[in-house]
Amino acid sequence: MAGEGRSDNPVIDTNGELAAQLKAFEKLVEEYDHFLVVAHTTPDGDAVGSTLGLALLLEEQGKEVTVYNRDPIPYNFEFLPGAEKWRQDLEGIEAVDVTVVLDCGTPGRIGEDFPKHGWGEKVAVIDHHETWDKDFADLYVRDATAAATGELLYRLAARYGDISLDVAKNLYCCVMTDTGSFRYSNTSRTAFRIAGELVEIGVEPWEMTSEVYENEPRERLELLCRVLATLSMSSCGRLAFLRVEKKMVEGLDVDEDLTDGFINYARSIQGVEVATQLRERGGGQWRVSFRSRGTVNVAALAEKFGGGGHHNAAGCEIKASPDVIEEKLSQALVDLLDVD
Ligand SMILES: [Mn+2]
């Protein structure tokens with residue numbers, strides 16, 4: 001029975017603001033029939049897991065569901081239950097009643113085709129990001145303290161009673177990936193408790209980790225070898241650089257997303273505060289990505305070069321030779337650290 005939650009479940013709050021938001025979402029589910037479930041472009045594990053998890057949950061409630069994303073499912077999430085529902089075309093989308101936007105709080109993150117007020121009559125957002133657009137949806141389920149959007153969906157799913165194994169696998173994927181396998185600073189007691197409940201339902205942690213992290217195309221490791229060979233450090237040792245040159249990708253049957261996460265190797269070096277990855281765009285242009293260990297606000301660093309982002313992850317574009325770019329960045333970082 002929806003509405004009251006399971007009293008024996010320690011993470012289900014039946015009062016409070018989040019419970020009221022979840023109740024309002026349940027009402028929306030009761031009132032409408034056809035739901036479009038969508039998440040941000042270049043979807044990560046939380047975006048894919050929450051999209052498929054919610055789609056399956058809504059189908060279990062007898063609803064018609066369309067799953068849409070501008071971009072494909074990354075290869076390492078194709079094993080998730082419900083992945084065959086993933087569509088990248090907008091055909092028939094005018095028939096939906098409610099658009100549910102997951103893992104982002106602003107319409108711009110859905111892609112160019114997304115109409116400002118969604119498809120259908122109503123728009124609902126379920127999200128855990130700090131930034132959000134207050135007038136874009138009719139209903140928000142938001143908690144910026146949640147480790148993943150999947151955490152919010154776990155609370156929703158638990159209100160409907162027993163969670164199916166297919167939904168549970170998707171929600172586990174959300175929590176596992178957004179916490180960096182329970183390593184990042186958002187890894188909370190609640191995240192562990194939810195993961196524990198999902199394991200109780202039957203999710204196998206090793207199956208999940210091996211599918212998501214140990215199922216790499218050989219080309220990805222070959223590319224990683226080439227990229228790691230470019231590792232260099234600033235003279236102060238606080239900045240590490242990696243380069244992805246066009247010629248490294250040539251001859252490899254790879255997509256852009258195969259370099260995803262490489263930059264973390266550079267950040268993991270003792271003494272490094274900021275990792276930087278330069279990716280060749282052509283015409284002397286380089287895409288520069290930054291990852292901070294936490295002390296340096298890399299959004300401020302990126303802004304010096306016309307870019308932006310978050311405290312720990314940001315980027316910009318620079319037109320210069322890579323050696324000149326690395327020199328400029330070293331100087332900019334020293335300026336930033338000396339001001340602090
Ligand atoms: Mn997320």
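Two strands count as paired if DSSP finds at least two bridges between them. The strands themselves, E runs of at least two residues, and the helices, H or I runs of at least four, are DSSP runs numbered from the N terminus. With that settled, an open sheet of 6 strands runs in the order β3-β2-β1-β4-β5-β6, with parallel pairing. At its edges stand β3 and β6 (139-142), each with a single partner strand, so one side of each has no neighbour in the sheet.

Before I go on, a word on the source. This is a predicted model, in which local features need pLDDT of at least 70 and side-chain atom pairs count only at pLDDT 80 or more, while totals for chains, interfaces and linings use all residues. Residues are numbered from 1 along each chain as its sequence is written.

Back to the sheet. Strand β1 (residues 34-39) pairs with β2 in the parallel sense over 5 bridges. One example is phenylalanine 35, whose bridge partner in β2 is valine 65. Helix α1 (residues 16-31) packs on this sheet and touches β4 (98-102), β5 (122-127) and β6, and its direction makes about 135 degrees with that of β6. Helix α2 (residues 45-60) also packs on the sheet, touching β1, β2 and β4, at about 170 degrees to the direction of β1. Contact here is between two residues whose C-beta atoms, placed from the backbone, lie within 7 Å. Axes are lines fitted to C-alpha atoms, for helices over the stretch in contact, and angles run from 0 to 180 degrees between N-to-C directions.

Now the whole chain. The protein has 11 helices and 12 strands. The domain assignment gives domain 1 (16-213) and domain 2 (220-339), with bounds that come from an automatic or database assignment. The centres of domain 1 and domain 2, taken over C-alpha atoms, are 31 Å apart. Along its principal axes the C-alpha trace spans about 60 × 40 × 40 Å. For 340 residues a compact globule would have a radius of gyration near 20 Å, and the protein's 21 Å agrees with that. That radius is taken over C-alpha atoms, and the globule rule is 2.2 Å times the number of residues to the power 0.38. Of the contacts with a separation of 6 or more, 65% join residues 24 or more positions apart.

Next, burial. A residue is buried if 20 or more other C-beta atoms lie within 10 Å of its own, exposed if 12 or fewer, and partly exposed in between, with C-beta atoms placed from the backbone. Buried residues make up 38% of the 340.

Which helix is largely enclosed by the rest of the structure? That is α3 (residues 149-159), because 10 of its 11 residues are buried. Among them are Leu152, Leu156 and Arg159. Helix α3 packs against α4 at an angle of about 150 degrees, with the axes 7 Å apart. The two helices are therefore roughly antiparallel. The contact is made by Thr149, Gly150, Glu151, Leu153, Tyr154 and Ala157 of α3 and by Val167, Leu171, Cys174 and Val175 of α4. For the angle classes, under 35 degrees is roughly parallel, over 145 roughly antiparallel, 65 to 115 roughly perpendicular, and the rest oblique. Just after α3, glycine 161 takes a positive phi of about 110 degrees.

Most residues other than glycine have a negative phi. Threonine 42 has a positive phi of about 40 degrees although it is not a glycine. Threonine 42 is found in the loop between β1 and α2, and with 15 other C-beta atoms within 10 Å it is partly exposed. Serine 181 also has a positive phi, near 60 degrees. Serine 181 lies in the loop between α4 (165-178) and α5 (189-201), and 15 C-beta neighbours inside 10 Å make it partly exposed.

Is phenylalanine 77 buried or exposed? Phenylalanine 77 is buried, with 23 other C-beta atoms within 10 Å. This residue lies in the loop between β2 (64-68) and β3 (86-87). Leaving aside residues up to four places away in sequence, phenylalanine 77 touches Gly45, Val48, Ala83 and Cys173.

β11 pairs with β12 (residues 313-319) in the antiparallel sense over 2 bridges. Glycine 309 has alanine 314 as its bridge partner in β12.
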